[in-house]
Amino acid sequence: MQLSDPADVGERELRFAGRVHQVRTLGGALSALLVASVLAANGASAWIWAFWAFNGFIWPLLARWLMLRSPDPAHAAHRHLVFDSAAAGAWIAIMEFNLVPSAVLLAMVTTDKVAVGGWRFLGRTAPALVATCVLVSAALGFPVRLESSMPVVLATLPFLFVYPVALATIAYRLGRSVADKNRQLERLNRIDVLTGLRNRRGWNEAMAAELARHARTRRPAVLMLVDVDNFKAVNDNHGHVAGDEVLRSVAGVLAACTRDIDTPARYGGDEFGVLLAETSLAGALCVAERVRLAFLDQRPDEAAAQDCTLSIGLSEVDLSVITTDEWLTRADAAMYRAKAGGRNRVEPAAALVRR
Ligand SMILES: Nc1nc2c(ncn2[C@@H]2O[C@H](COP(=O)(O)OP(=O)(O)OP(=O)(O)O)[C@@H](O)[C@H]2O)c(=O)[nH]1
């Protein structure tokens with residue numbers, strides 16, 4: 001079973017790679033400033049300055065270029081993040097463990113690894129950081145100079161403030177986008193894809209809300225169940241595409257003949273329902289008759305050829321209705337009486353309790 005479109009996955013990976021690039025470019029420039037302050041104070045050699053220029057300004061561009069050329073950009077981005085950790089380990093050793101910049105660099109490298117891949121990813125990148133730190137320090141003769149001068153502390157401040165704010169901004173945007181996607185999914189879960197009306201789930205929720213409203217306010221409401229007569233014949237004789245068109249035309253009629261506060265839905269196969277809010281049975285009879293006649297007028301030719309009509313059952317809510325199932329059962333019984341009575345008609349259910 002295919003869960004996601006490969007094009008969507010590719011786009012998602014590229015977005016992830018793009019975010020990593022932004023953070024690396026910013027982190028590269030800010031950490032270059034911090035490292036430069038220590039290198040200047042320690043009188044670093046030319047090759048260290050060359051590595052500094054590469055890591056701070058060329059590597060972000062190179063990493064992006066490599067990532068975009070890679071058949072698996074997200075994987076490449078993860079690989080480059082491991083390199084970032086290794087480079088941070090080297091810089092800590094080259095800075096001779098100068099306390100403030102080393103601690104800030106370590107904290108930021110840790111934060112972005114946790115942000116990208118959680119503690120597990122941090123665990124995968126930490127060995128690279130420790131290994132390069134030990135190897136570079138060994139190559140330099142294990143120099144240690146912990147004191148941080150005021151210029152070094154000042155050069156560390158931009159990294160300390162700007163980088164976490166940038167990471168937090170990205171995390172916040174991602175959180176919002178996930179929340180938006182979840183809301184969209186929630187909405188789609190309640191929509192029937194063929195007709196665009198509410199599906200059974202969405203309708204059940206609307207029915208429960210209307211029943212609760214009636215219990216609270218005693219305001220009238222009517223449940224209208226609509227079944228397409230002889231629908232199977234359209235499918236059998238004209239094909240499912242024609243059948244689908246008939247279902248869409250019923251949905252169009254229901255939406256057009258009801259008010260904004262009413263809730264039309266496709267309840268199942270060829271069964272539809274409308275919750276008529278603030279409507280008494282007398283009013284609902286008028287609406288149902290309007291729906292029945294509008295369908296006769298607007299039905300597709302295939303529906304007319306098979307004598308497709310609408311049988312409609314109505315049930316007004318009253319205090320004897322405790323559950324949505326009871327309400328539905330009454331409307332269903334009325335609708336079946338309409339079928340039994342010869343189809344193409346409207347039947348009200350008998351109410352048990354009168355207000
Ligand atoms: N084209 C199409 N057909 C569907 C869909 N869902 C259910 N059906 C068909 O709808 C038909 C419903 O059958 P019935 O309600 O028993 O058929 P009917 O001819 O309307 O019978 P009466 O209601 O007694 O008049 C079945 O043939 C289902 O296969 C759908 O989404 N598209």
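Ala, Val, Leu, Ile, Met, Phe, Trp, Tyr, Cys and Pro are counted here as nonpolar, Asp, Glu, Lys and Arg as charged, and the others, Gly among them, as polar. The model is predicted, and local features need pLDDT of at least 70, side-chain atom pairs count only at pLDDT 80 or more, and totals for chains, interfaces and linings use all residues. Residues are numbered from 1 along each chain as its sequence is written.

**Ligand shell**
- The ligand is surrounded by 16 residues, with Asp 229, Phe 231, Lys 232, Gly 243 and Gly 269 the closest, where a residue is near a molecule if its C-beta atom, placed from the backbone, lies within 6 Å of it.
- Strand E1 (221-228), helix H7 (231-238) and helix H8 (240-257) are the elements that give two or more residues to this shell, helices (H or I, at least four residues) and strands (E, at least two) being DSSP runs numbered from the N terminus.
- By class, the shell divides into five nonpolar, five polar and six charged residues.

**Helices H3 and H4**
- The axes of helix H3 (residues 73-94) and helix H4 (residues 99-139) come within 5 Å and cross at roughly 45°, axes being lines fitted to C-alpha atoms over the stretch in contact, with angles running from 0 to 180 degrees between N-to-C directions.
- That angle makes H3 oblique to H4, since angles under 35 degrees count as roughly parallel, over 145 as roughly antiparallel, 65 to 115 as roughly perpendicular and the rest as oblique.
- The contact of H3 with H4 has 19 nonpolar, six polar and two charged residues.

**Whole protein**
- The protein has eleven helices and five strands.
- Of its 355 residues, 36% are buried, meaning that 20 or more other C-beta atoms, placed from the backbone, lie within 10 Å of the residue's own.

Definitions and conventions: Buried ≥ 20, exposed ≤ 12 C-beta atoms within 10 Å, placed from the backbone.
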